[in-house]
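Please load the model in your viewer and keep the selection panel within reach. The tour below moves from one selection to the next and says what is there at each stop.

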Amino acid sequence: MNIPKLLPHPHQRFLKGLFRAPGHHSHFTIHTSPPLGSGILCAQPLTPPGLHCAKWMLLSNGLRRKLCVQATLKARTEGLSDKEQRLVDKLYTGLIQGHRACLAEAITLVESTHNRKKELAQVLLQKVLAHHREQEQLNKGKPLAFRVGLSGPPGAGKSTFIEYFGKMLTERGHKLSVLAVDPSSCTSGGSLLGDKTRMTELSRDMNAYIRPSPTSGTLGGVTRTTNEAILLCEGGGYDIILIETVGVGQSEFAVADMVDMFVLLLPPAGGDELQGIKRGIIEMADLVAITKSDGDLIVPARRIQAEYVSALKLLRKRSGVWRPKVVRISAKTGEGITEMWDKMKEFQDLMLGSGELNARRRKQQKVWMWNVIQENMLEHFKSHPVVREQIPLLEQKVLSGALSPGLAADLLLKAFKSRD
């Protein structure tokens with residue numbers, strides 16, 4: 001077969017260079033897909049099993065992505081034992097069939113810090129991702145789930161709101177997953193994980209799944225594996241994912257990089273309310289909800305609503321089609337929660353129609369990748385033998401004032417760079 005004749009001119013040089021490469025032996029196969037009308041040229045080097053096969057494809061973006069996912073999955077699964085393969089298959093099958101126990105076990109697997117279990121988790125996630133892409137294509141490219149981040153200061157009534165809001169959604173036929181991130185102790189590493197105990201009614205609902213997870217010291221109160229847990233919940237058939245964060249420090253910024261809509265819950269407190277909330281956090285919000293708007297707090301809640309409406313007008317718009325709204329709600333009486341959901345659906349429809357929602361998700365995928373790289377690089381840095389040896393000595397010098405923190409960091413980085 002004269003392969004270069006089958007391809008446009010720009011690709012001929014690539015193939016000729018591939019054929020001329022010394023010591024490179026490949027066999028080529030042409031795969032055709034009648035519905036797409038595209039030919040796929042795969043170059044598969046005759047290398048030992050376990051190594052990646054190099055694929056060069058001329059096809060639509062969707063099919064190229066699908067085949068790349070399949071190639072990556074095959075390369076990862078080749079190193080698994082029979083027992084590990086059975087475990088991954090069991091979790092995957094149970095997950096996509098909607099078994100809650102399999103979802104819980106899968107999230108536990110991705111939260112594990114054990115190296116081998118982390119590898120198994122990535123194989124499972126790759127399988128779920130492939131399934132997820134197929135389902136999205138069947139759904140005309142639209143997202144399968146609506147991801148909502150909820151945050152606010154302690155005492156804002158986040159758990160009470162989720163209880164009422166979640167019951168309302170499940171009664172309307174939705175499947176709801178709540179990922180409640182709890183702060184961990186920096187000293188002991190322990191976590192109260194009390195969110196589930198505060199959502200007693202919702203936790204008994206078979207159409208709702210609540211997963212409390214400790215932050216494990218992660219900056220911003222959002223665990224490293226929250227993104228993976230979101231993907232697993234969507235694979236399990238949950239169409240609304242709520243991520244409740246700690247509500248302090250950087251958590252609002254962290255959760256905004258993994259959701260479609262960010263909702264800020266604020267209580268009607270006294271004093272200079274606007275002074276107590278950082279400008280950056282308000283800028284991240286797509287919707288601000290003033291909670292506990294009932295009884296004696298109705299008047300202050302109305303006043304604060306007016307203040308935030310005025311404040312939001314001064315901020316730069318994050319979206320070309322959506323202007324952040326401010327609503328008053330009460331989880332005690334139910335006032336305003338139905339209207340709040342209507343605004344959330346309006347946001348979703350507008351963002352989907354304009355293409356901004358898909359663009360936001362693509363950007364978040366890149367942020368997710370770099371966050372994982374940063375965390376892994378830090379662990380790799382700390383675990384290097386030369387660096388690990390010097391850390392206690394340099395930390396002591398910094399504490400005693402004999403060395404500046406910047407110089408100590410430079411010395412550790414130099415030791416890491418010269419490790420070879």
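Begin by selecting helix 16 (residues 385–400) together with helix 17 (residues 405–417), whose axes come within 10 Å and cross at roughly 170 degrees; helices here are DSSP runs of H or I with at least four residues, strands are runs of E with at least two, and both are numbered from the N terminus. The axes are lines fitted to C-alpha atoms, for helices over the stretch in contact, and the angles run from 0 to 180 degrees between N-to-C directions. Helix 16 and helix 17 are therefore roughly antiparallel to each other, a label for angles over 145 degrees, while angles under 35 count as roughly parallel, 65 to 115 as roughly perpendicular and the rest as oblique. Showing side chains, you will find Val 386, Val 387, Gln 390, Ile 391, Leu 394 and Val 398 of helix 16 meeting Pro 405, Ala 408, Leu 411, Leu 412, Ala 415 and Phe 416 of helix 17, where contact means heavy atoms within 4.5 Å. These residues divide into 11 nonpolar, 1 polar and no charged, with Ala, Val, Leu, Ile, Met, Phe, Trp, Tyr, Cys and Pro counted as nonpolar, Asp, Glu, Lys and Arg as charged, and the others, Gly among them, as polar.

Before going on, note that this is a predicted model, in which local features need pLDDT of at least 70 and side-chain atom pairs count only at pLDDT 80 or more, whereas totals for chains, interfaces and linings use all residues. Residues are numbered from 1 along each chain as its sequence is written, and side-chain values use heavy atoms, with hydrogens and water left out.

Next, select helix 14 (residues 337–354) and helix 15 (residues 356–383), which pack at an angle of about 80 degrees with their axes 5 Å apart, and are therefore roughly perpendicular to each other. Their contact is made by Phe 347, Met 351, Leu 352 and Ser 354 of helix 14 and by Glu 356, Leu 357 and Arg 360 of helix 15; by class, it has 4 nonpolar, 1 polar and 2 charged residues.

Now turn to the strands and select strand 3 (residues 146–151), where 6 of the 6 residues are buried, that is, under 20% relative accessible area, with exposed meaning over 50% and partly exposed in between (1.4 Å probe, protein chains only). Phe 146, Val 148 and Leu 150 point one way from strand 3, and Arg 147, Gly 149 and Ser 151 the other way.

Continue to strand 8 (residues 287–290), which pairs with strand 7 in the parallel sense over 4 bridges, Leu 265 standing opposite Ala 289. Strand 8 is in turn joined by 4 bridges to the parallel strand 9 (residues 325–328).

Finally, select Thr 226 in helix 9 (residues 226–235), which is buried with a relative accessible area of 3%. Leaving aside residues up to four places away in sequence, Thr 226 touches Leu 179, Val 181, Ile 243 and Met 258.

Notes:
Pairing = 2+ DSSP bridges.
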